[in-house]
Amino acid sequence: ANASGDSPILSDVRIEVANQPPDCSGATVDINRLWPPNHTMRTVTVSGVTDPDAGDTVTVVVDAVTQDEPVNGLGDGDTSPDAALTAPPSNSVALRAERGGGGDGRVYRLHVTATDSFGATCEATLTVGVPKSQGQNGGPIDSAPPSFNSLLP
């Protein structure tokens, strides 16, 4: 008891710090235009994802790729698939530098998921284009839908 005769109050104070998800708004690709369209696979890497919580590590993974042209369409060299994920999954993906000769250029859409060390996530969709011609004004036109799974033959 203290001087006033009251018993001291003991309590446990528990403070929880809320984990914030990563921020995908700054996500970008190191190559956003594949030229020349020579059917080779080119590695594209995603960066720019941040986390507002100090000390959180963020894992960025490209987990899906679609395109606005058929994977094995007319005038594209009859090569497929047009994209390959890394094993294990990572922030890089291989994309085929090709487009249909009679089209308006090809646009790949990369679906990206970022996960912090506490399991919180954010998602982004980034584009990489293969223009119809080197001087195509405005670049390739994203003519989806329909969309085609770039990972399939």
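H39 sits in the loop between β1 and β2. Strands here are DSSP runs of E with at least two residues, and helices are H or I runs of at least four; both are numbered from the N terminus. This is a predicted model: local features need pLDDT of at least 70, side-chain atom pairs count only at pLDDT 80 or more, and totals for chains, interfaces and linings use all residues. Residues are numbered from 1 along each chain as its sequence is written, and side-chain values use heavy atoms, with hydrogens and water left out.

- H39 has a positive phi of about 70 degrees, although it is not a glycine.
- H39 counts as partly exposed because its relative accessibility is 31%. The cut-offs are under 20% relative accessible area for buried and over 50% for exposed, with partly exposed in between (1.4 Å probe, protein chains only).
- The peptide bond from A87 to P88 is cis, with omega near 0 degrees. P88 belongs to the loop between β4 and β5.
- A144 and P145 are also joined by a cis peptide bond, with omega about 5 degrees. P145 is in the loop between β7 and β8 (148-149).
- Most residues other than glycine have a negative phi, and most peptide bonds are trans.

**The four-stranded sheet**

- Four strands form an open sheet in the order β1-β2-β5-β4, with antiparallel pairing. Two strands pair if DSSP finds at least two bridges between them.
- β1 and β4 are the edge strands, each pairing on one side only.
- β1 and β2 run antiparallel and are joined by two bridges. V29 has V46 in β2 as its bridge partner.
- β2 and β5 pair antiparallel over five bridges. Here T45 stands opposite S92 in β5.
- β4 and β5 pair antiparallel over three bridges. L85 stands opposite V93 in β5.
- A hairpin of six residues joins β4 to β5.

**Strand β5**

- β5 is largely enclosed by the rest of the structure, because five of its five residues are buried.
- S92, A94 and R96 point one way from β5, V93 and L95 point the other way, and all are buried.
- In a regular strand the side chains alternate between the two faces of the sheet.

**Nonpolar core**

- The largest nonpolar core has 24 residues. Such a core is a set of buried Ala, Val, Leu, Ile, Met, Phe, Trp, Tyr and Cys residues joined through side-chain atoms within 4.5 Å.
- L34, V44, V46, L95, Y108, L110 and V128 touch the most other members.
- β2 (41-47), β3, β5 (92-96), β6 (106-116) and β7 (121-130) each supply at least two residues of this core. β7 gives the most, with five residues.
- Beyond its neighbours within four places in sequence, L34 is in contact with residues including V44, L95, Y108 and V128. Contact means heavy atoms within 4.5 Å.
- In soluble globular proteins, nonpolar side chains tend to be buried together.

**Disulfide**

- There is one disulfide, counted as a pair of cysteine sulfur atoms within 2.5 Å.
- The disulfide joins C24 to C122, with S to S at 2.0 Å.
- The torsion about the S-S bond of C24 and C122 is about 75 degrees, so the disulfide is right-handed.
- The pair links distant parts of the chain, 98 residues apart: C24 is in the segment before β1 (28-29), and C122 is in strand β7.
- C24 counts as buried at 9% relative accessibility. C122 is buried too, with a relative accessible area of 12%.

**Loop residue D82**

- D82 lies in the loop between β3 (58-67) and β4 (83-85).
- D82 counts as buried because its relative accessibility is 0%.
- The D82 side chain makes a polar contact with the side chain of R106 at 3.1 Å. A polar contact is a pair of N or O atoms within 3.5 Å; within protein, one must be able to donate a hydrogen and the other to accept it, and residues adjacent in sequence count only if both atoms are side-chain atoms.
- Leaving aside neighbours within four places in sequence, D82 is in contact with several residues, among them M41, A94, L95, R96, R106 and Y108.

**Loop residue N91**

- N91 is in the loop between β4 and β5, and counts as partly exposed at 27% relative accessibility.
- Setting aside neighbours within four places in sequence, N91 is in contact with V44, T45, V46, V60, V61 and V62.
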